Amino acid sequence: MSIMLKITDLHAKVAGKEILKGLNLELEAGEIHAIMGPNGAGKSTLGYVLAGREGYEVTRGEILFNGKNLLEMEPEARACEGVFLAFQYPVEIPGVNNTYFLRTALNAQRKYRGEEILDSVGFLRLVREKLEVLHIGDELLHRAVNEGFSGGEKKRNEIFQMAVLEPTLAILDETDSGLDIDALKTVAEGVNRLRSKDRGMIVVTHYQRLLDYIVPDKVHVLADGRLVATGGAELALKLEEQGYAWLEDGGIASLNVASAVQTANP
Amino acid sequence: MNGETSTIDKMVEQKYRHGFVTDIESDTLPPGLSEDVIRAISARKKEPEWLLEWRLKAYRHWLEMEQPDWAHLKIDAIDFQAISYFSAPKKDKDRPQSLDEVDPKLLETYDKLGVPLHERARLAGVAVDAVFDSVSVGTTFKAELRKAGVIFCSFSEAVQEHPELVQKYLGSVVPQRDNYFAALNCAVFTDGSFVFIPKGVRCPMELSTYFRINAAETGQFERTLIVAEEGSHVSYLEGCTAPMRDENQLHAAVVELIALEDANIKYSTVQNWYPGDENGKGGIYNFVTKRGDCRGARSRISWTQVETGSAITWKYPSCILRGDDSVGEFYSVALTNNYQQADTGTKMIHIGKNTRSKIISKGISAGHGQNAYRGLVRITPRAENARNYTQCDSMLIGKKCGAHTFPYIEVRNPTAKVEHEATTSRIGEDQLFYCLQRGISEEDAVSMIVDGFCKQVFRELPMEFAVEAKALLEVSLEGAVG
């Protein structure tokens with residue numbers, strides 16, 4: 001197994017405020033890591049920093065992705081290199097057809113990688129294939145990007161995009177938020193089908209229940225801009241039982257994160 | 001946001017692609033406006049006496065009028081004596097009878113504009129009546145149209161060959177003293193298009209006119225008149241482009257549409273006149289009066305416009321819904337970039353019973369552009385069961401531009417239903433990032449988002465022109481990159 005993603009001492013600011021304060025993480029190809037933590041701990045920030053969103057300023061540290069310096073790349077180049085962010089709140093683009101959007105994206109990525117551009121016939125064939133794998137219907141194809149989609153449809157659309165774009169590294173930002181249990185199962189099932197030995201995934205979530213369906217190789221706890229605990233799937237269960245307040249009680253030996261959790265909870 | 005700023009910077013740097021001057025000797029009147037100038041124009045065009053009198057009457061009205069200042073526009077004073085009111089390509093006397101006789105340089109000009117007359121006409125099945133400055137130089141498909149009974153010719157030609165129709169309808173929708181610029185147009189108009197669709201005829205092809213302002217300091221005052229008799233259908237498109245000049249050029253057109261019982265007129269405009277440079281220098285002043293009269297019952301007039309050019313746009317294509325059950329529609333995309341200003345919208349005047357109108361307006365502002373929607377919906381006392389739906393959306397790209405909405409609603413009949421929806425959004429940093437994160441470049445993302453925003457209007461355009469309009473918006477937003 002090789003290290004796909006190596007984050008070293010990552011510090012990042014948003015609107016002048018330091019959110020990530022020395023985060024370290026290593027992810028191997030084929031692994032799924034869950035990142036859990038209280039609201040405001042910096043979970044979404046980590047996703048945005050990896051994807052290169054503007055306004056998320058890295059002040060220190062390094063991110064190597066397949067040996068390349070990710071921080072030097074524009075957001076679209078990172079996407080083309082295989083970084084995919086499934087948004088917590090997928091964005092609506094009125095009037096832009098979902099299929100057209102996805103084909104533009106896929107062809108931009110293929111072009112970047114020096115691959116042949118897919119025409120609409122070839123693209124539709126690929127789309128049908130993916131829909132079948134994910135067990136989802138084609139009703140989302142004909143609508144505008146996320147416009148008027150229900151919460152569940154939006155999240156399914158993210159997973160569908162991921163299936164078509166076939167990223168190397170997928171970051172799922174609170175993909176479970178706002179989903180009822182059936183929708184959650186559908187989405188989780190889709191994610192599981194996309195598990196592969198060449199693909200790494202970071203699943204960011206506030207709740208343990210998603211991890212009943214997507215079983216991670218590792219669970220990290222993010223608090224006050226750092227990973228304060230790492231364990232197996234059992235760590236998630238413990239968090240579920242005891243809540244994040246448990247961190248405050250010194251549940252993790254020698255870590256004092258109480259003040260951090262408080263400041264991170266506005 | 002840096003990314004947004006760089007997109008805007010690129011847009012601000014974008015150059016006008018149609019800026020070139022055709023080197024043709026023009027037969028141009030010296031600058032200045034007087035009754036003598038009007039007589040000279042009329043004489044050159046060998047007009048009948050009644051038309052000269054009509055022009056002079058308009059001119060006398062105009063002298064007593066004042067330039068309106070109610071629009072949300074900053075307009076430098078216009079020196080009407082500094083403008084030349086007539087400019088024709090030299091070959092005026094023996095005008096070309098077919099495209100083969102047209103000055104090759106002219107054809108080359110159209111080529112540069114991306115409007116190769118014959119190619120385009122043949123491929124797209126479009127008859128193009130091209131107005132080069134003030135005189136029409138080529139009309140295609142005329143014979144085929146004539147077979148269907150359709151008259152499609154230059155305005156001057158119509159005056160010579162169909163004077164009774166011109167006299168009957170000219171000024172019947174936009175009266176001579178309607179407004180300052182319309183009065184000026186009535187006095188000095190030089191050419192334009194004339195369309196007549198006889199009773200029950202469905203025009204066999206899209207009719208199209210390309211206008212282009214060429215001679216320096218030449219105002220262009222076209223006059224378009226479209227008459228659709230009972231039960232007839234016509235779809236008409238005008239495209240406009242002007243070369244790049246430092247000084248502002250005045251354009252004041254008048255378009256009149258008349259739809260009799262059960263007639264259907266669709267009028268589409270793609271306007272790409274020189275907008276001035278990145279500092280707001282130069283560009284076309286576009287003061288246009290467009291009005292359609294749904295004179296007969298169940299008639300329908302639909303205006304679709306895509307406005308990306310001109311330094312100043314002052315334009316309100318309107319419908320007078322006189323006939324019972326008549327329908328008026330207005331679909332508009334107006335884009336202002338750099339220092340462009342647009343004050344545009346529509347008027348829907350409901351007079352007949354069960355009249356319906358629909359207004360979809362999309363304003364896009366970038367750079368220092370200022371974009372105002374101004375619309376009037378008037379329900380008169382005897383307009384029983386009138387309906388209006390207005391949707392007015394503005395998109396801001398960057399932080400130095402502005403969007404303004406001035407809706408006027410006058411309802412004098414209690415059975416009326418009038419709806420107005422308005423939104424303003426900044427091109428989402430969210431939307432942009434979402435596209436980038438999927439691997440789409442910033443430039444492609446902006447044009448995709450804008451295109452989606454305009455979709456409701458684009459789908460009203462005839463197919464081949466929808467493609468063109470989309471391309472035009474992309475060009476206007478594309479920037480110098482690539």
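How many contacts beyond four places in sequence does the model have for residues 1–9 of chain B?

Analyst: Happy to. For residues 1–9 of chain B the model has 16 contacts beyond four places in sequence, a contact being two residues whose C-beta atoms, placed from the backbone, lie within 7 Å. Across that stretch pLDDT stays under 50; pLDDT is the predictor's confidence in each residue, from 0 to 100. Before going on, please keep in mind that this is a predicted model, in which local features need pLDDT of at least 70, side-chain atom pairs count only at pLDDT 80 or more, and totals for chains, interfaces and linings use all residues. Residues are numbered from 1 along each chain as its sequence is written, while chains are lettered from A and ligands numbered from 1 in the order in which they are written.

Chain B has another stretch of this kind: over residues 90–96 of chain B pLDDT stays under 50, and there the model has twelve contacts beyond four places in sequence. For chain B, the average pLDDT is 80, and 76% of the residues score at least 70. For the complex, the predictor gives an ipTM of 0.91 and a pTM of 0.77.

Now to where the two chains touch. Chain A brings 23 residues to the contact and chain B brings 20. On the side of chain B that touches chain A, α1 (2–13), α10 (429–437) and α11 (442–458) of chain B each supply at least two residues; helices (H or I, at least four residues) and strands (E, at least two) are DSSP runs, numbered from the N terminus. That side of chain B is made of eight nonpolar, eight polar and four charged residues, where Ala, Val, Leu, Ile, Met, Phe, Trp, Tyr, Cys and Pro count as nonpolar, Asp, Glu, Lys and Arg as charged, and the others, Gly among them, as polar.

Chain B as a whole has twelve helices and 23 strands. Of its 482 residues, 56% count as buried, meaning that 20 or more other C-beta atoms lie within 10 Å of a residue's own; 12 or fewer make it exposed, values in between partly exposed, and C-beta atoms are placed from the backbone. Contacts in chain B between residues at least 6 apart in sequence join residues at least 24 apart in 84% of cases. Among the strands of chain B, β19 (residues 356–366) and β21 (residues 387–397) pair in the parallel sense over eleven bridges, two strands being paired if DSSP finds at least two bridges between them. Here B:I364 stands opposite B:M395 in β21(B). β21(B) also runs parallel to β23 (residues 417–426) of chain B, with ten bridges, and B:N388 stands opposite B:V418 in β23(B).

Chain A holds an open sheet of six strands in the order β6-β9-β10-β3-β11-β12, with mixed pairing. At its edges stand β6 (83–86) and β12 (226–231) of chain A, each with a single partner strand, so one side of each is left without a neighbour in the sheet. Neighbouring strands of this sheet are turned by 20° against each other on average, direction ignored.

β11(A) runs parallel to β3(A) over four bridges, where A:H33 has A:K218 as its bridge partner. With β12(A) it runs antiparallel over five bridges, and A:H220 partners A:T230. Two residues separate these strands in their hairpin, where A:D224 takes a positive phi near 50°.

Methods: Axes fitted to C-alpha atoms, helices over the stretch in contact; angles between N-to-C directions.
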